[in-house]
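I opened the notebook to record what I looked up in this structure, entry by entry.

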Amino acid sequence: MAISTRLATMRLWRPVSAVVTQTRCFAGEPGSGAGMGGGTGGTIRDAGGAFGKMEQVHEAQYIHKLQQEQLKNLKRHHDEEIEAHEREIGRHKESINRLRKKKQQIDDDHKDH
């Protein structure tokens, strides 16, 4: 994977903790009205009741889905990194074997003389 692609992937990924902290801004019972951030939670939340609670549940579901997607992307990125390192190990092993053969040929040539 090219470095620029890797950097672009890393910029798109947000830590799970950053998303989780968004759900901690509610005061009182979820969906009961304004949050602790100084502003309101929106007109539906301001009204409270069943619609406010339903809005909070939808938001929690959205955040959970977003977290799952981020974790899936992170795992895929790790798999790609592992595969790249394994390919590099293979290339290094081939180089080591090639150099050992050259060294052996040199030793064999000097034994004859």
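How much accessible surface does the protein have, and what share of that surface belongs to carbon and sulfur atoms? I noted about 9,200 Å², with 57% belonging to carbon and sulfur atoms, the areas coming from the Shrake-Rupley method with a 1.4 Å probe and, for residues, only the protein chains shown counting as cover.

I reminded myself that this is a predicted model, in which local features need pLDDT of at least 70 and side-chain atom pairs pLDDT 80 or more, while totals for chains, interfaces and linings use all residues. Residues are numbered from 1 along each chain as its sequence is written, and side-chain values use heavy atoms, without hydrogens and water.

I then looked up the secondary structure and found 4 helices and 0 strands, taken as DSSP runs numbered from the N terminus (helices H or I, at least four residues; strands E, at least two).

Turning to burial, I found that 10% of the 113 residues count as buried (under 20% relative accessible area; over 50% is exposed, in between partly exposed).

Lastly I checked E86, which lies in helix α4 (residues 49–112) and counts as exposed because its relative accessibility is 51%.

Methods. Buried means under 20% relative accessible area, exposed over 50%, partly exposed in between (1.4 Å probe, protein chains only).
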